[in-house]
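Visitor: I am new to this structure and would like a close look at a single part, the place where the two chains meet. Please take me through it slowly, and then show me what lies around it.

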Amino acid sequence: MKNFNGKVLFLDRDDINTDEIIPAKYLTEISKEALKPYLLEDLKLEGFNLKDIEDASVVITRGNFGCGSSREHAPWAFEVNGINLVIAESFARIFRQNMFNCGMMAVSLEKDKMDMVFDEFSKEKDVYIETDFENKKFTIRAGSKKKDILFSISEFDSKLVKSGGWLDFADKNY
Amino acid sequence: MGKTIAEKIFDAHLVDTPEKGINVLRLDSVFCHEITTPVAINDLEKKGKDRVFDPDKIKVVIDHVTPAKDSKTALQGKILRDWAKRNKIKDFFDIGRNGVCHAIFPEQGFVRPGSTIIMGDSHTCTHGAFGAFAAGVGTTDLEVGILKGVCAFKYPETIKIQVDGDLREGVFAKDLILHIIGKIGVNGATDKVIEFTGSVISKMNMEERMTLCNMAIEAGGTSGICYPDDKTVDYLWKFIESEFASKEDALKEYSKWISDDDADYAEIIKIDASEVVPVATFGFKPDQVKPVSEFENVKVDQIYIGSCTNGRLSDLEVAAKVLEGKRISDDVRGIVSPATPEIFRQALEKGIIKIFMDAGFCVTNPTCGACLGMSNGVLADGEVCASTTNRNFNGRMGKGGMVHLMSPATAAQTAIKGYIDNSPLFKG
């Protein structure tokens, strides 16, 4: 299983699309590693600094994350930057599927939980998430402040995360 | 309880249910292009699985950057070309025969009612115009599709959009779909299929239905879908003639891919077609839509007519009707890209290309290039483009550029004026 723990990068906006995550001009790359410097290059978001990506391992964002193009380069660009977990209010279908297909996680939480996370943690300096995959629980922490958040993903998605993605799963089963 | 067309297609293609509500489907076609497929090819090779489930069911085109613009895009083309050859894929459309994937594959008769299709391209939903379940997927889904001929989806919920009445003169399929997206929002159909029905859809030709279904993804939809009917049969007839005794027989067979009257819908939205006017987008999201008449002196630098949304013959015909005998403004650059070589050829024969050239347009080869800012018409920082494409995201056609989505008629008139304006085809 991939790493789902670490420092949080908050992206406080709805409808962040895959062109913003990785612009099309970089789709001429045929290695995932080559995408690393360009993650979120075109993101329009007040207060967001490209340097914030460097030590982030988890992204927490709002609604309809990953809409637009089907490019799996979007999850790959996160993956090669050490980000394997995106938590959002909702996801576009293809992006969400691409994440689990790569053995990564795109977890949606109810609006009240997301509002709580943003209200209580997004202004803090260093926020960390720890993921208890077996018990489907995130622990979010900033200094002495700490909250446990239960999440759910489907059994099928769980299997994809455990088996490292859809290719290995499909190859074994079909 | 009856079934929707999408449910019927799912049930007919079911391979496995790894969890309640998740269906692994058998695929009738896997479409490939040079941007999202090479990574899958390299990965399969690396894993010692360089094979395909059925070379006749895989259709391949180089369309995003063609001719290659640099060494990287040349390599993407080469990987695809070599792979198609060694895996004996016959239907490979290389330069000279290549066009925008969602225009050329239907034109070749590859899309049939009741079939399942995936492609590593979000606008794959276009093919639902033929009564197929067609979904855009990422590279891993594509890779599994190539290798195993299957793909997993949630059992589909459907939103039915019923458009009745008559579209006003000078209002087009593009205006209707932008109107619909404006109404339901960019995530209004996430994880759902959008079914387009009603008398307006029945009257539409296949090209117009493709324009509608093409943009289902801009509302988050997994696939757009129209019922197959006599127009579907007429369009496909030259490809299916040997399979059926008559068009009536074909229609009878295809009619099993129509939703039952008592099918269950997530939502039913009724639209009175007479309320729809020519519209364009104004922001960085496809649901930011307003009537063209409300744009006041919005100047543009470039006009782009083409793409999988609006690069077909009827689109070029409408634009030519507006452009005939006129010159585009000295302050704009006009670019038109017929979506396939066949469309290009017909546009030549009908004198449409001449009208574009006389008006001052640059006519490029068929390619997706400009629509996603990869080639053939990339914008500079601060520039504005009036475009018949499908996405107005920030930076989509070039970093710092602004895109206004609209119909070919509005785009042609905008080219003449230099600012966004209603075409004279719309009588108000």
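Guide: What follows begins at the contact between the chains and then turns to single residues, ring pairs and salt bridges. Please keep in mind throughout that this is a predicted model.

The contact draws 54 residues from chain B and 38 residues from chain A, and between them the two chains bury about 3,900 Å², of which 57% is on carbon and sulfur atoms. Across this contact there are 22 residue pairs in polar contact, counting pairs with both residues at pLDDT 80 or more. On the side of chain B that touches chain A, at least two residues each come from strand E1 (14-19), strand E2 (22-26), helix H2 (37-46), helix H3 (71-86), strand E7 (133-136), helix H5 (139-148) and strand E8 (150-154) of chain B. Of these elements, H5(B) gives the most, with 7 residues. If the residues on that side of chain B are sorted by kind, they divide into 23 nonpolar, 16 polar and 15 charged.

A:His73 has its place in helix H2 (residues 73-79) of chain A, and it counts as buried because its relative accessibility is 0%. Apart from its neighbours within four places in sequence, A:His73 is in contact with A:Ile22, A:Leu27, A:Glu29 and A:Leu35 of its own chain, and with B:Ile35 and B:Thr36 from chain B. The second residue, B:Asn42, lies in helix H2 of chain B and, with a relative accessible area of 27%, is partly exposed. Once its neighbours within four places in sequence are set aside, B:Asn42 is in contact with A:Ile30 and B:Ile79. B:Asn42 and B:Ala152 stand 110 residues apart along the chain, and their C-alpha atoms are separated by 22 Å.

Charged side chains also reach from one chain to the other, and the count between chain B and chain A is 7 salt bridges. In one of them, B:Lys148 pairs with A:Asp171, with the closest N and O atoms 3.3 Å apart. In another salt bridge, the side chains of B:Lys399 and A:Asp42 meet at 2.6 Å, N to O. This pair crosses between chains, running from B:Lys399 in the loop between strand E18 (384-387) and strand E19 (402-405) of chain B to A:Asp42 in the loop between helix H1 (18-21) and strand E2 (58-61) of chain A. The two partners can be set side by side: B:Lys399 counts as partly exposed, at 42% relative accessibility, whereas A:Asp42 is buried, with a relative accessible area of 8%.

Salt bridges are found within the chains as well, and over all chains the count comes to 45. B:Asp260 forms a salt bridge with B:Lys8, where the closest N and O atoms are 3.0 Å apart. This pair links distant parts of the chain, 252 residues apart, with B:Asp260 in the loop between helix H10 (247-254) and strand E12 (267-272) of chain B and B:Lys8 in helix H1 (residues 5-12) of chain B. B:Asp260 is partly exposed at 29% relative accessibility, while B:Lys8 is buried at 17%. A further salt bridge joins B:Lys354 and B:Asp358, whose closest N and O atoms are 2.8 Å apart; both residues lie in helix H14 (residues 352-359) of chain B, 4 residues apart, about one turn of the helix. In chain A, salt bridges that share partners join A:Lys7, A:Asp55, A:Lys125 and A:Asp126 into one network.

Aromatic rings complete the picture, with 23 aromatic pairs over all chains. B:Phe31 and B:Phe105 form a tilted pair, 4.4 Å centre to centre and with 35 degrees between the planes. Their pairing links distant parts of the chain, 74 residues apart, since B:Phe31 is in strand E3 (residues 29-33) of chain B and B:Phe105 is in helix H4 (residues 101-107) of chain B. The rings of B:Phe105 and B:Phe110 have their centres 6.0 Å apart and their planes at 40 degrees, so this pair too is tilted, and both of these residues are buried. In chain A, ring pairs link A:Phe65, A:Phe78, A:Phe91 and A:Phe95 into a cluster.

Note on methods. Residues numbered from 1 in each chain as written. Chains lettered and ligands numbered in written order. Predicted model: local features only at pLDDT ≥ 70, side-chain atom pairs only at ≥ 80, totals over all residues. Heavy atoms only, no water. Contact = heavy atoms within 4.5 Å. Buried area = accessible area lost by both parts, 1.4 Å probe. Salt bridge = Lys/Arg side-chain N within 4 Å of Asp/Glu carboxyl O. Polar contact = N/O pair within 3.5 Å; in protein donor to acceptor, adjacent residues only side chain to side chain. Nonpolar A, V, L, I, M, F, W, Y, C, P; charged D, E, K, R; others polar. Phe/Tyr/Trp six-rings, centres within 6.5 Å; stacked < 30°, edge-to-face > 60°. Buried < 20%, exposed > 50% of the residue type's maximum accessible area, 1.4 Å probe, protein only.
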